[in-house]
Amino acid sequence: MWIYEKKLQYPVRVSTCNPKLAKYLIEQYGGADGELAAALRYLNQRYSIPDKVIGLLTDIGTEEFAHLEMIATMVYKLTKDATPEQLKEAGLDAHYVNHDHALFYHNAGGVPWTAAYIQAKGDPIADLYEDIAAEEKARATYQWIINMSDDPDLNDGLRFLREREIIHAQRFREAVEILKEERDRKKIF
């Protein structure tokens, strides 16, 4: 079903070791509005969505996994050379004690990822509005991380991810209109 190219969707660069920025980015790795939750939400919802828009959820859901890979790479690059003292100073001491430099799905506050982050109502329009909200929240979070960052190389990748969230929200809005038009169409038997 998929062809995996051993490259990121967009190049990830960081200027320097910065565990504090990594802590912020963890939000998009294992937070409620992060890339893992989005990927799983869309790929799960696709089973109860009309055929006219099922491909959209598949496409965006798989792209979210590519974004997850980018975030993981960013976090790794920002922390790979960090000392335990730097991690402690950045507020990642509990993470270090439990996981060393390994990535783990949790939010910026250290709360582990949970399946409760994934919503699926079974009503296609309700689910798509949920998806629009998820994309807009992710876009806002990327902007706030950019605002906190002083790393121009990292910000380039973050801007790419922020823009993809905007595109995804637009596509979900288009899908809502397609389904509303279908729902409201007069049916003659």
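Biologist: What does "exposed" mean for a residue here, and how does Lys 7 count?

Modeller: Exposed means over 50% relative accessible area, and buried means under 20%. Lys 7 has 57% relative accessibility, so Lys 7 counts as exposed. Keep in mind that we're looking at a predicted model.

Biologist: Okay! Which side chain meets Lys 7 in a salt bridge?

Modeller: That's Glu 5, with 3.6 Å from N to O. The cut-off for a salt bridge is 4 Å. Glu 5 counts as partly exposed because its relative accessibility is 48%.

Biologist: How many salt bridges are there by this rule?

Modeller: The count comes to 13. Let's look at Lys 137 and Asp 33, whose side chains meet at 3.5 Å, N to O. Lys 137 sits in helix H6, while Asp 33 is in the loop between helix H1 and helix H2, so this pair ties together parts 104 residues apart in sequence. Lys 137 is partly exposed at 39%, and Asp 33 is partly exposed too, at 21%.

Biologist: Now for Glu 130 and Arg 41: what is the N to O distance in their salt bridge?

Modeller: For that pair it's 3.8 Å. They link distant parts of the chain, with Glu 130 in helix H6 and Arg 41 in helix H2, 89 residues apart.

Biologist: Is Arg 41 buried or exposed?

Modeller: Arg 41 counts as buried, because its relative accessibility is 2%.

Definitions and conventions
Residues numbered from 1 in each chain as written. Predicted model: local features only at pLDDT ≥ 70, side-chain atom pairs only at ≥ 80, totals over all residues. Heavy atoms only, no water. Buried < 20%, exposed > 50% of the residue type's maximum accessible area, 1.4 Å probe, protein only. Helix = DSSP H or I, 4+ residues; strand = E, 2+ residues; numbered from the N terminus.
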